[in-house]
Amino acid sequence: MTVETHSTELPAAPSPHLRVSGIQKHFGGVHALQNIDFEVARGEVMALVGDNGAGKSTLMKVLAGAHIPDEGRFWLDGDEISIDGPQTAAQKGIQIVYQDLALCENLDVAANLSLGHEPTKAGWRFLPRFLRPIDELEMEIRAQQAIDQLEVRTLRSVRALVGGLSGGQRQAIAIARAVGAKSSVVMLDEPTAALGVAQTRQVLNVVRRLRETNHAVIYISHNMRDIFEVADRICVLRHGQNVATWRTAETTTDEIVVAMTRGLDQGGKHVR
Amino acid sequence: MSDKVQLRIVDRMRIIRQSRFGSFVPVLLALAVIWGYFGLAMPLWQYWTSPDADSVNFIFLSSRNIYNLFMQSSVTATLAVGITVVLLLGDIDLSAAATAGVCAALLGVLALVGVPGWIACLIVLGVGAMMGVAQGVLIAYIGIPSFVVTLAGLLGFQGLMQKILPTGNLNVDNDFIRGFARILLPDTLGVMLAVALVAVMAFAVMRRQALRRARGLEGDSAFVAWGQLVFVAILVFSTVFVLNSYRSVPLMVVLLVGVTALTGWVTTSTPFGRSIFAVGGNSESARRVGMNVKRIRVAAFGIVGLLAALGGIFGASRYGSVSYTAFAGGSLLLESIGAAVIGGTSLFGGRGSVWNAILGALVIGSLGNGLDLSGASAADKLMFSGAILLLAVAIDAISRPPGLSGK
Ligand SMILES: Nc1ncnc2c1ncn2[C@@H]1O[C@H](COP(=O)(O)OP(=O)(O)OP(=O)(O)O)[C@@H](O)[C@H]1O
Ligand SMILES: [Mg+2]
């Protein structure tokens, strides 16, 4: 394996579901993303790695419509699209699970999963939607389906308050909430950062389930062990620039770490 | 050793508290303690210690006193229900009593100049809602903390009330307005209402259980479901019978229960209510799922304004007059916030129930009433109220589900 084979073209992969190219993003004087290319296919876990401040979270927020890039083009299944906000991204099936989960601890799992789009009972059409009675049973059934789909086995009941759940369970709930909303791309920003071994395992299982259910998964992490366990490909960013993308099976932790910290060729020429 | 036992009790309390119904437990306990003390312990103590008493005097638990207690607590309870709604958001409303005062004063003046009672009431309800909405807009859209906005509202509305009532007092003798407190339901109608209420609840429980089973969901434990029903039935029937045995159920109490039921339903069973809890629990989460957090807050302040106006109407009706001290200048504000908090509603948002606010109002009302009957001074009353408030919040803090410890 030589550097050139990685850098001149991406490894052969299923045709990308979401692809972006030439993304530029400035924050005042900081050039956070410099001409970034990135892609992810369905049924694949794409890891996004890089040192602190490399631009991983920024890229993810651009994909989710939370940041609008200064320049750059987006394609979804080969069709060029434009994303001008979180709502459009969500409509196109792009969902993000933020580092700070943002769950309501005072509500139960089912309520959290259907927050903002609660099913209401039929026959109350004379009331405005926000005053129609919530169909709690339907809500529970949907929640149970979402949980079952992700095979979160440790969760006893969808009526448990989120405040009483473990970190891994919460992460799973946050993922289930993103997946529940008819998503095709799910992005996870350091989902295991604060978790112990067993909890991490649980989250990695959920990530694998997402791949099995034909989602395109983007996975940010600093933990090489986790990445080599779940990722199909690894995309390395450094100082807001692409370094390269590897197939997990064809690389090693050392190679990735070197790429993260020094880039290719000891920081000399970068790809593109 | 004792540490271990204590932990177990706390754990058990937490388990009870986690059920929706369980949040009633501390406030009911407080009520039971206060009633037991003033109703049983004090009279018996007096009987045994003073040789010249020839019979035990259960004044506190007399149906007449309980009737008065309910009437006295109604105004506080109405405001407390409204305040609970904004507390759920994590906001506070310090202006509720002053809003009630302005509305009551306006009501008195409107009635004085000959506006028909029901029109005056509607106008006043509208004014109250607008006062709440105006504050809500400042809070949600300008971003001033609710504490500051409603503190300004408290001062401003107190002044406004004095402007409307230069003499500080106005008699209200409009029949429609007095009717809320004067009209009594015929005894049989009261009982029928209670029966209907319990029947509807029983039907709802059975239907819910059947539906759950039909859709293959884990059923609620039958013991808990029916236990709750039996408990509510006992509460409702004993209230109606006690009220009947003095006079009968006053219209005001029925209206209060109705308004609370409606508010309770909206807050727990509709998407709007769910959004209130969501904003109170984690407003960032609410924003990300596409809720309009600002509009929700404005609506909640509109509701508290509306209920404050209703409290003003109830107060004017009960006292037959509007006075500065009965509303804006008196203890009504702190009592209604206290009632909501004693009811177990968190000051940090996301947790609480409007029904508990009614019970909280009864706790505060009972305490004041009991201390009055036992000849305590105003100073004693204040100190006792403070202690009860602290105790209630302490019980709440200890028995709170572990995941909500930060709240
Ligand atoms: N909202 C913002 N305003 C200004 N600068 C920002 C903003 N967000 C990110 N940056 C800057 O952009 C660069 C990339 O940040 P980003 O958060 O994407 O890094 P990251 O790869 O996610 O790092 P970490 O591993 O620490 O999470 C950093 O230099 C950061 O300071
Ligand atoms: Mg980051």
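**Packing around one helix**

A: The buried residues of helix 7 of chain B pack against helix 3, helix 4 (96–112), helix 5 (117–142), helix 10 (251–269) and helix 13 (293–319) of chain B. Here buried means under 20% relative accessible area, exposed over 50% and partly exposed in between (1.4 Å probe, protein chains only). Contact means heavy atoms within 4.5 Å, and helices (H or I, at least four residues) and strands (E, at least two) are DSSP runs numbered from the N terminus. This is a predicted model, in which local features need pLDDT of at least 70 and side-chain atom pairs count only at pLDDT 80 or more, while totals for chains, interfaces and linings use all residues. Residues are numbered from 1 along each chain as its sequence is written, chains are lettered from A and ligands numbered from 1 in the order in which they are written, and side-chain values use heavy atoms, with hydrogens and water left out.

Helix 7 of chain B spans residues 175–182, and its buried residues are B:Ile177, B:Arg178, B:Gly179, B:Phe180 and B:Ala181. The N-terminal end of this helix is capped by B:Asn174, of which a side-chain oxygen lies 2.8 Å from the backbone nitrogen of B:Phe176. A polar contact is a pair of N or O atoms within 3.5 Å; within protein, one must be able to donate a hydrogen and the other to accept it, and residues adjacent in sequence count only if both atoms are side-chain atoms.

B:Ser146 belongs to helix 6 (residues 146–164) of chain B and is buried at a relative accessible area of 6%. Apart from neighbours within four places in sequence, B:Ser146 is in contact with B:Asp91, B:Ile92, B:Ile139, B:Leu151 and B:Phe301. B:Asn244, in helix 9 (residues 222–246) of chain B, counts as buried at 10% relative accessibility. A polar atom of the side chain of B:Asn244 lies 3.3 Å from the backbone oxygen of B:Asp187. Not counting residues up to four places away in sequence, B:Asn244 touches B:Asp187, B:Val191 and B:Val249.

In chain A, A:Val109 touches A:Ile147, A:Leu155, A:Ser157, A:Val158, A:Ala160, A:Val162, A:Leu165 and A:Ile173, with residues up to four places away in sequence not counted. A:Ala172, in helix 6 (residues 167–180) of chain A, is buried at 1% relative accessibility. Leaving aside neighbours within four places in sequence, A:Ala172 is in contact with A:Leu150, A:Val152 and A:Val206. A:Ala172 and A:Ser157 are 15 residues apart in sequence and 14 Å apart in space, C-alpha to C-alpha.

Ligand 1 is surrounded by 13 residues, of which the closest are A:Asn52, A:Lys56, A:Ser57, A:Thr58 and A:His222; a residue counts as near if one of its heavy atoms lies within 4 Å. Polar side-chain atoms lie 2.7 Å from an oxygen atom of ligand 1 for A:Ser57, 2.5 Å for A:Thr58 and 2.8 Å for A:His222. The protein covers 62% of the 630 Å² of accessible area that ligand 1 has on its own (Shrake-Rupley method, 1.4 Å probe). Strand 2 (30–40) and helix 2 (56–63) of chain A are the elements that give two or more residues to the shell, and helix 2 of chain A gives the most, with three residues.

Two backbone features of chain A complete the picture. A:Asn35, in strand 2 of chain A, has a positive phi of about 60° although it is not a glycine, and it counts as partly exposed at 36% relative accessibility. A:Asp77, in the loop between strand 4 (71–76) and strand 5 (79–81) of chain A, has a positive phi near 50° and is exposed, with a relative accessible area of 51%.
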